[in-house]
Amino acid sequence: MEEIFNRLIKNDLSPNKLYLLWCKKHSITPMFNLNIGIEYMRLKNDEWLDENQELSSKSLILVQELESFFKNSKKKTSTNILGDNFICRIEEYLEIFPKFKLPSGKYARSDKKNLENNFRWFFENHSYDWDTVINATKMYVDDYERQGYKYMRTSQYFVRKLSIAEKTFESELANYCDTYLNGDNDDLNNNFFSEKVV
């Protein structure tokens, strides 16, 4: 809305004048009690109307620009945000997590619909691709597997979790994606063997 008013101020147009231009463009009779004769004369003097009281090219451009602010944008569907095969990618992501309860008492794997919502948020706020997400997730699960899954987040909270203190969302997945892309992913290429010494 602010941008519309800024355009009106910049063009020295009142809301009434804009309304009259809009009515003229759409061949609508103005409904408000305006002194149309005086307003048309002012619009003509400022070159918003031509000699025949038709819209000038600059008024057509302005009205079209301002109308574009009110057009509905295309609804962002999961397919638009996550890609055509997002269901398969979410299933691939879930398969990385263990099929049991974590030491916290919560199941490691979360519902696919909850994950879809979290991934929508993730891909709208971060610019990583699915391959990076999958590799970073493998890195994360491997890290926590070596620690007995202590303090590991569920598959849902790994993508997005509300930070109560800051009242913002945080993503451990984004941190791991960044780490993975910066080359700190040696853990993915090494096999770790541990031996219990008594």
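Which helix does Arg-89 lie in? Arg-89 lies in helix α6, which covers residues 86-96. Helices here are DSSP runs of H or I with at least four residues, strands are runs of E with at least two, and both are numbered from the N terminus.

Before going further, here is some background. This is a predicted model, in which local features need pLDDT of at least 70 and side-chain atom pairs count only at pLDDT 80 or more, while totals for chains, interfaces and linings use all residues. Residues are numbered from 1 along each chain as its sequence is written, and side-chain values use heavy atoms, with hydrogens and water left out.

## The whole protein

The protein has 11 helices and two strands. Of the 198 residues, 35% are buried. Buried means under 20% relative accessible area, exposed means over 50%, and partly exposed lies in between, using a 1.4 Å probe and protein chains only.

The accessible surface comes to about 13,400 Å², and carbon and sulfur atoms hold 48% of that area. Such areas come from the Shrake-Rupley method with a 1.4 Å probe, and for residues only the protein chains shown count as cover. Now for contacts, meaning heavy atoms within 4.5 Å. Among contacts with a separation of 6 or more, 62% are between residues 24 or more positions apart.

## Back to Arg-89

Is Arg-89 buried or exposed? Arg-89 counts as buried because its relative accessibility is 14%. Its side chain makes a polar contact of 2.9 Å with the side chain of Asp-131. A polar contact is a pair of N or O atoms within 3.5 Å; within protein, one must be able to donate a hydrogen and the other to accept it, and residues adjacent in sequence count only if both atoms are side-chain atoms. Not counting residues up to four places away in sequence, Arg-89 touches Trp-130, Asp-131 and Ile-134.

Helix α7 spans residues 112-125 and includes Phe-123. With 15% relative accessibility, Phe-123 counts as buried. Leaving out residues up to four places away in sequence, Phe-123 touches Ile-81, Leu-82, Tyr-128, Asp-129, Trp-130 and Val-133. Ile-81 is 42 residues from Phe-123 along the chain, and their C-alpha atoms are separated by 6.7 Å.

Asn-118 lies in helix α7 too. Asn-118 is buried, at 3% relative accessibility. Setting aside neighbours within four places in sequence, Asn-118 is in contact with Gln-156, Val-159 and Arg-160. The side chains of Asn-118 and Arg-160 are joined by a polar contact of 3.3 Å. Lys-161 is 43 residues from Asn-118 along the chain, with 8.9 Å between their C-alpha atoms.

## Ser-59 in helix α4

Ser-59 lies in helix α4. Why is Ser-59 called buried? Ser-59 is buried because its relative accessible area is 0%. Its side chain reaches the backbone oxygen of Trp-48 at 2.9 Å. Apart from neighbours within four places in sequence, Ser-59 is in contact with Leu-21 and Trp-48.

| Partners | Distance |
|---|---|
| Arg-89 side chain and Asp-131 side chain | 2.9 Å |
| Asn-118 side chain and Arg-160 side chain | 3.3 Å |

## Two loop residues with positive phi

Most residues other than glycine have a negative phi. Asp-12, although not a glycine, has a positive phi of about 55 degrees. Asp-12 is found in the loop between α1 and α2, and is exposed with a relative accessible area of 57%. Gln-53 also has a positive phi, near 60 degrees. Gln-53 is found in the loop between α3 (36-45) and α4, and counts as partly exposed at 32% relative accessibility.

## The largest pocket

Which residues line the largest pocket? They are Met-1, Ile-4, Phe-5, Leu-8, Pro-15, Leu-18, Trp-22, Val-63, Leu-66, Glu-67 and Phe-70. On a 1 Å grid over the protein atoms alone, a pocket is an open set of points with protein on both sides within 12 Å along at least five of seven lines, and lining residues have an atom within 4 Å of a point. Helices α1 (2-10), α2 (15-25) and α4 (57-68) each supply at least two residues of this lining.

Note on methods
1 Å grid on protein atoms, 1.4 Å probe; cavity = no way out; pocket = protein on both sides within 12 Å on 5 of 7 lines; lining within 4 Å.
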